[in-house]
Amino acid sequence: MTTDFRDQMKAAYDATGAAWDAGPRRIYDALAAALLDYSPVAIAGVLAVDAGAGTGAATQELLRRRASRVVAVDLSAGMLRGMTAARTSSVAVVVGDVDALPLASDHADLTVAAFVLNHVADPTATLAELARVTKPDGGVLASVFGAAPPHPSKDAIDSVAASYGFAEPGWYRVFKDARDTPLRDLRAVREHAIRAGLLNVCVDVVVVDPQLSDVDLVSWRTGMAHLAPFVRQLAPACAAQLRADAAAAVAGMPALTLTMQTLSSRAG
Ligand SMILES: C[S@@+](CC[C@H](N)C(=O)[O-])C[C@H]1O[C@@H](n2cnc3c(N)ncnc32)[C@H](O)[C@@H]1O
């Protein structure tokens with residue numbers, strides 16, 4: 001299942017890049033800004049790695065805070081291709097796995113892993129790999145979602161999609177049940193970090209309000225990797241109708257807030 005999971009997840013992200021950059025990216029930008037406030041090292045002038053960079057939310061925020069260079073690594077070439085705002089001459093874009101980063105040891109001053117630990121089989125091993133590519137006194141900074149009731153728009157939008165023929169892909173159920181949910185426990189992230197040998201481990205919980213309209217909520221959900229490949233293969237008029245039905249389904253719902261855990265640490 002591990003190989004199947006990885007291949008299926010990668011294929012889904014590959015088919016998602018542009019939709020992610022147009023939708024979820026806005027939320028992940030807000031999350032990246034909140035995450036980098038917890039950096040254990042000063043960011044100006046650093047060489048940073050953005051591990052599991054996606055379309056570059058953390059990369060862009062690192063540049064905004066004057067990191068001198070960012071290496072953006074992701075398993076999915078499709079996500080990296082979707083990178084728009086963060087694609088500058090200060091960014092090296094590399095296809096690679098966070099469990100075997102194609103980087104020398106002690107390469108970076110700061111390694112950031114935003115919402116990728118919840119995709120891997122063994123977060124302890126991944127954190128140890130992040131530490132390997134980070135200089136001994138450098139920082140390792142990561143985020144995962146925290147424990148919070150799911151926003152009702154998720155089920156509402158997925159139900160509208162189901163009425164158009166969407167069926168939840170197998171990899172996504174594995175992702176939710178075996179990878180994402182266990183890490184929502186506050187103790188889990190800390191324990192993985194300690195087992196990985198990280199130092200000065202500090203886990204915080206932050207609530208982020210990305211200020212989304214109903215249409216933004218739909219772009220967010222329909223740009224996620226479990227749903228975007230389905231929406232993409234619909235005829236354009238049909239996809240537009242799905243979006244309109246989804247916006248009607250979420251009208252009047254409470255504002256979406258996101259609970260994020262931040263892990264701030266030193267590589268050792
Ligand atoms: C939820 S997205 C987050 C993207 C980005 N960090 C952000 O905050 O917007 C997760 C990303 O992790 C990537 N990913 C998942 N497993 C990975 C792995 N083993 N190695 C590298 N990237 C991985 C996916 O391709 C996807 O781009």
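Trainee: What makes up the largest nonpolar core, and which of its residues touch the most other members?

Mentor: The largest nonpolar core has 58 residues, and Ile27, Tyr28, Leu31, Leu62, Val112, Trp171 and Met260 touch the most other members. Helix H3 (residues 24-36) provides the largest share of this core, seven residues. Another core, of 29 residues, lies apart from it and includes Val133, Val144, Val189 and Ala196. This is a predicted model, in which local features need pLDDT of at least 70 and side-chain atom pairs count only at pLDDT 80 or more, whereas totals for chains, interfaces and linings use all residues. Residues are numbered from 1 along each chain as its sequence is written, and side-chain values use heavy atoms, with hydrogens and water left out.

Trainee: What makes a set of residues a nonpolar core?

Mentor: The set must consist of buried Ala, Val, Leu, Ile, Met, Phe, Trp, Tyr and Cys residues joined through side-chain atoms within 4.5 Å. In soluble globular proteins, nonpolar side chains tend to be buried together.

Trainee: Which residues does Trp171 touch beyond its sequence neighbours?

Mentor: Not counting residues up to four places away in sequence, Trp171 touches Phe5, Gln8, Met9, Ala12, Ala225 and His226. Contact here means heavy atoms within 4.5 Å.

Trainee: Why is Thr124 called buried?

Mentor: Buried means under 20% relative accessible area, exposed over 50%, and partly exposed in between (1.4 Å probe, protein chains only). Thr124 has 15% relative accessibility and therefore counts as buried. The residue belongs to helix H6 (residues 123-132), helices (H or I, at least four residues) and strands (E, at least two) being DSSP runs numbered from the N terminus. Leaving aside neighbours within four places in sequence, Thr124 is in contact with His192, Arg195 and Ala196.

Trainee: How do you know whether Pro123 is buried or exposed?

Mentor: Its relative accessibility is 9%, so Pro123 counts as buried. Pro123 also lies in helix H6. Beyond four places in sequence, Pro123 is in contact with Leu117, Leu183 and His192.

Trainee: What classes His151 as buried or exposed, given that it lies in a loop?

Mentor: His151 has 10% relative accessibility and hence counts as buried. Its loop runs between strand E5 (134-145) and helix H7 (152-162). Apart from neighbours within four places in sequence, His151 is in contact with Leu217, Met253, Pro254, Ala255 and Leu256.

Trainee: What makes the pairing of the His151 and Ser153 side chains a polar contact?

Mentor: A polar contact is a pair of N or O atoms within 3.5 Å; within protein, one must be able to donate a hydrogen and the other to accept it, and residues adjacent in sequence count only if both atoms are side-chain atoms. The two side chains are 2.7 Å apart in this contact. Ser153 is itself buried in H7, as are Lys154, Ala156, Ile157, Asp158, Val160 and Ala161. The cover over the buried residues of H7 includes helix H10 (214-222), helix H11 (228-232) and helix H12 (236-250).

Trainee: Why is Arg6 called partly exposed?

Mentor: Arg6 has a relative accessible area of 33%, which places it in the partly exposed class. Arg6 lies in helix H1 (residues 2-14) and touches Leu75 and Asp97, not counting residues up to four places away in sequence.

Trainee: What sets Arg66 and Asn200 apart in phi?

Mentor: Neither is a glycine, yet Arg66 has a positive phi of about 70° and Asn200 one of about 50°. Most residues other than glycine have a negative phi. Arg66 is exposed, with a relative accessible area of 61%, and sits in the loop between helix H4 (57-64) and strand E2 (69-74). Asn200 is likewise exposed, with a relative accessible area of 61%, but its place is in strand E6 (residues 199-208).
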